[in-house]
Amino acid sequence: MEKLLDQFSFGLFFWQILIFVGLLLLLRKFAWKPILGAVEGREQGIKDALAAAENAKKEMQNVTADSERLLQEARAEREAMIKEAREIKDKMIADAKEAAQLEGDKMIKQAQSAIESEKQAAVADIKNQVATLSLEIAEKVLQNQLSDADKQMELVAGMLGDIKLK
């Protein structure tokens, strides 16, 4: 350290101080201001980017909330539509069953009516045939019985005997 003090020169020290101060002034004028400006600009850009990111985050939260709300509304609407479709289906089935029941009852009544009319027609036809057959049989019996005069007299006597006077 003593060696440094022995070799110390005020002239050299003065010029070194002067050059150092000049260098500082030049750096201040030409380097520090642009560097500080760039640093401040970068800092402002980062602040703006952070603010934009925060705004985007809030916007995403809003969009997420809106989409969630729309999804809930769509689900509720879908459920309502499914419920309405089921009700319509059930109503259509009930209406079809009722119409089929009414049509079935109508067909049964028509069939019963047709059966009854056919039955009455058959009974009337049977009565007509029985009456015709009875007349034919009676005619043949009477022809056989009335062909002989003795048998005629017996028949008249038998009939007179059956008649009761009141």
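Buried means under 20% relative accessible area, exposed over 50%, and partly exposed in between, with a 1.4 Å probe and protein chains only. This is a predicted model, in which local features need pLDDT of at least 70 and side-chain atom pairs count only at pLDDT 80 or more, while totals for chains, interfaces and linings use all residues. Residues are numbered from 1 along each chain as its sequence is written, and side-chain values use heavy atoms, with hydrogens and water left out.

**The whole chain.** Select the protein chain, which holds three helices and zero strands; helices (H or I, at least four residues) and strands (E, at least two) are DSSP runs numbered from the N terminus. The radius of gyration is 66 Å, well over the 15 Å that the globule rule gives for 166 residues, so the chain is more spread out than a compact globule. That radius is taken over C-alpha atoms, and the rule is 2.2 Å times the number of residues to the power 0.38. The C-alpha trace spans about 200 × 30 × 30 Å along its principal axes, and buried residues make up 0% of the chain.

**Confidence.** Colour next by pLDDT, the predictor's confidence in each residue from 0 to 100. Helix α1 (residues 2-6) has the lowest mean, 72, and α2 the highest, 90.

**The nonpolar patch.** Select leucine 24 in helix α2 (residues 10-146). At 40% relative accessibility, leucine 24 counts as partly exposed. Leu24 belongs to a nonpolar surface patch of about 1,200 Å², whose members include Phe20, Leu27 and Trp32. Patch residues have over 30% relative accessible area and no salt bridge; like charges are joined within 9 Å, nonpolar side chains (Val, Leu, Ile, Met, Phe, Trp, Tyr) within 5 Å. The areas come from the Shrake-Rupley method with a 1.4 Å probe; for residues, only the protein chains shown count as cover.

**The salt bridges.** Five salt bridges are found in the whole structure, each a side-chain nitrogen of Lys or Arg within 4 Å of a carboxyl oxygen of Asp or Glu. Select arginine 69 and glutamate 73, whose closest N and O atoms are 3.1 Å apart. Arginine 69 and glutamate 73 lie four residues apart in helix α2, separated by about one helical turn.

Move on to aspartate 95 and lysine 91, a salt bridge with its closest N and O atoms 3.1 Å apart. Aspartate 95 is partly exposed at 37% relative accessibility, whereas lysine 91 is exposed at 53%.
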